[in-house]
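I opened this notebook to keep a record of what I looked up, one topic at a time. Here is the model I worked from.

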Amino acid sequence: MTSVQMRSTYGETACRAKRATEIFVADVIKALEEMYLDDPGKFLDNSRPFHVVDLGAADGVNFVPILKEIIQFCRERNENLPLKVTLNDTPWNDFSLLFQTLNKSFGKIKNLFIYGIGKSFYEQLFANEDVDLFIAATSVHWLPDIPVPVDFNCHAPYKNVLESDKGKIWISSANQAWETFLLNRSKELRRGGRIVIWSPSYSEESDIRFNRHHLVDSSFIKKLKSALAAEKIEELLPKMMLPIFYRNEAQLVGHFKDSKLGLKLQSYKEFEIPEPFFEEYKKTHNAEIYISKWAKSYASPTMNYYKAKLIENGVSSVTAEKVLSDLYENRFLELKEDFIKWEISSIRHFSLTGKKEYESNMNGYK
Ligand SMILES: C[S@@+](CC[C@H](N)C(=O)[O-])C[C@H]1O[C@@H](n2cnc3c(N)ncnc32)[C@H](O)[C@@H]1O
């Protein structure tokens with residue numbers, strides 16, 4: 001089996017729990033309803049398309065139900081409204097798979113135009129005041145880069161690392177990255193436009209859960225190490241740390257108090273999402289299916305990144321694929337007992353909605 005096959009099956013397994021998707025769709029629809037109340041013209045004027053952007057779209061599977069609802073909302077108010085959708089991810093994302101997913105569901109819909117942009121969302125991606133609605137689902141916890149190397153024993157720095165001096169550098173870089181992200185979106189949004197974001201979050205009460213996640217992540221890193229060692233490239237392990245950071249509420253909402261941002265915080269909430277694979281495992285007790293679903297959901301956001309890092313560090317593309325298929329298809333199965341033992345039964349998320357203020361002088365901000 002090749003890593004390409006692993007990637008193409010991700011959609012079936014990493015699809016969010018139905019309930020979780022419903023929560024997020026409800027937030028998106030609420031943002032649209034408020035926009036409509038503020039300014040129906042955005043939905044009634046056919047001279048320019050209503051522009052929706054998905055930031056960090058991956059394979060698009062989780063965006064499909066959200067986009068269906070957005071289309072329905074818009075077309076119920078104006079059946080001739082042109083809709084423009086832009087899918088964003090990093091250049092190493094599998095855009096071919098992404099467009100296949102979107103075309104399957106939306107290829108035949110009239111007056112709907114779908115584009116892609118392979119560039120980091122920490123850059124300005126659109127001209128000023130071009131976008132009506134941004135969606136960012138489980139992507140903003142990725143930082144632009146590793147702020148400073150730390151002892152690499154799990155995917156993201158957890159509590160013990162964050163309390164160290166290097167942890168403080170991570171916290172300040174994550175803070176800066178968040179500000180850059182929000183400033184760019186604020187420039188790109190039309191006045192009255194919305195950004196709806198959700199991602200895993202961190203909070204003091206969820207320490208125990210994060211410790212469990214930490215234990216699973218650290219087991220995974222041991223397998224990554226052995227997959228690299230099999231190809232005698234173990235020394236690349238430190239380069240494989242993911243630039244992931246879980247922000248807490250204060251870190252997420254702080255910037256909205258800054259008037260130069262031009263974005264007003266409309267809502268913020270945190271909630272636990274039941275982990276769908278564990279729920280299924282509790283019913284079936286089928287450990288093989290449980291672990292293979294986890295393997296695919298780990299592979300989805302990480303495999304292309306790891307492959308790009310290996311190639312960047314001089315590894316051939318054939319060897320990189322070999323290491324990664326060994327990791328996700330063979331070694332991952334050995335983690336079965338750990339995953340069962342540490343029962344990841346829910347994941348804490350935040351969801352926030354920001355509004356581009358009408359009176360914003362954002363475009364003058366340097
Ligand atoms: C966990 S996946 C989530 C995918 C999808 N939004 C969903 O809800 O299923 C995170 C995605 O964010 C992308 N990503 C990470 N950093 C990014 C950046 N700086 N710019 C654009 N996309 C990024 C990753 O490549 C990955 O595809």
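Before placing any residue I needed to know what counts as an element: helices are DSSP runs of H or I with at least four residues, strands are runs of E with at least two, and both are numbered from the N terminus. I also noted at the start that this is a predicted model.

**Entry: one lysine in a loop**

With those terms in hand, I found Lys 260 in the loop between α10 (249–253) and β6 (263–274).

**Entry: the chain as a whole**

I listed 14 helices and seven strands for the protein chain. Its C-alpha atoms fill a box of roughly 60 × 45 × 45 Å along the principal axes. The radius of gyration is 21 Å, which agrees with the value near 21 Å that a compact globule of 366 residues would have. Buried residues make up 36% of the 366 residues. Among contacts between residues at least 6 apart in sequence, I noted that 86% join residues at least 24 apart.

**Entry: strand β2 and its partners**

Next I turned to strand β2 (residues 83–89), where six of the seven residues are buried, so this strand is largely enclosed by the rest of the structure. I followed its pairing to strand β1 (residues 50–55), which runs parallel to β2 and is joined to it by six bridges; His 51 stands opposite Lys 84 of β2. Together β1, helix α5 (residues 63–77) and β2 make a right-handed β-α-β unit.

I then looked at strand β3 (residues 112–118), which is also parallel to β2 and is joined to it by seven bridges, with Leu 112 of β3 as the bridge partner of Leu 83. A right-handed β-α-β unit is made here by β2, helix α6 (residues 95–106) and β3.

**Entry: around the ligand**

Which residues come nearest to the ligand? I found 17 residues around it, of which Gly 56, Ala 58, Asn 62, Ser 139 and Trp 142 come nearest. Sorted by class, this shell has eight nonpolar, eight polar and one charged residues.

Terms used:
Residues are numbered from 1 along each chain as its sequence is written. This is a predicted model: local features need pLDDT of at least 70, side-chain atom pairs count only at pLDDT 80 or more; totals for chains, interfaces and linings use all residues. A residue is near a molecule or strand if its C-beta atom, placed from the backbone, lies within 6 Å of it. Ala, Val, Leu, Ile, Met, Phe, Trp, Tyr, Cys and Pro count as nonpolar, Asp, Glu, Lys and Arg as charged, and the others, Gly among them, as polar. A residue is buried if 20 or more other C-beta atoms lie within 10 Å of its own, exposed if 12 or fewer, and partly exposed in between; C-beta atoms are placed from the backbone. Two strands pair if DSSP finds at least two bridges between them. A crossover is right-handed if, with the strands pointing away from the viewer, the path from the first strand over the helix to the second runs clockwise. The radius of gyration is taken over C-alpha atoms; the globule rule is 2.2 Å times the number of residues to the power 0.38. Two residues are in contact if their C-beta atoms, placed from the backbone, lie within 7 Å.
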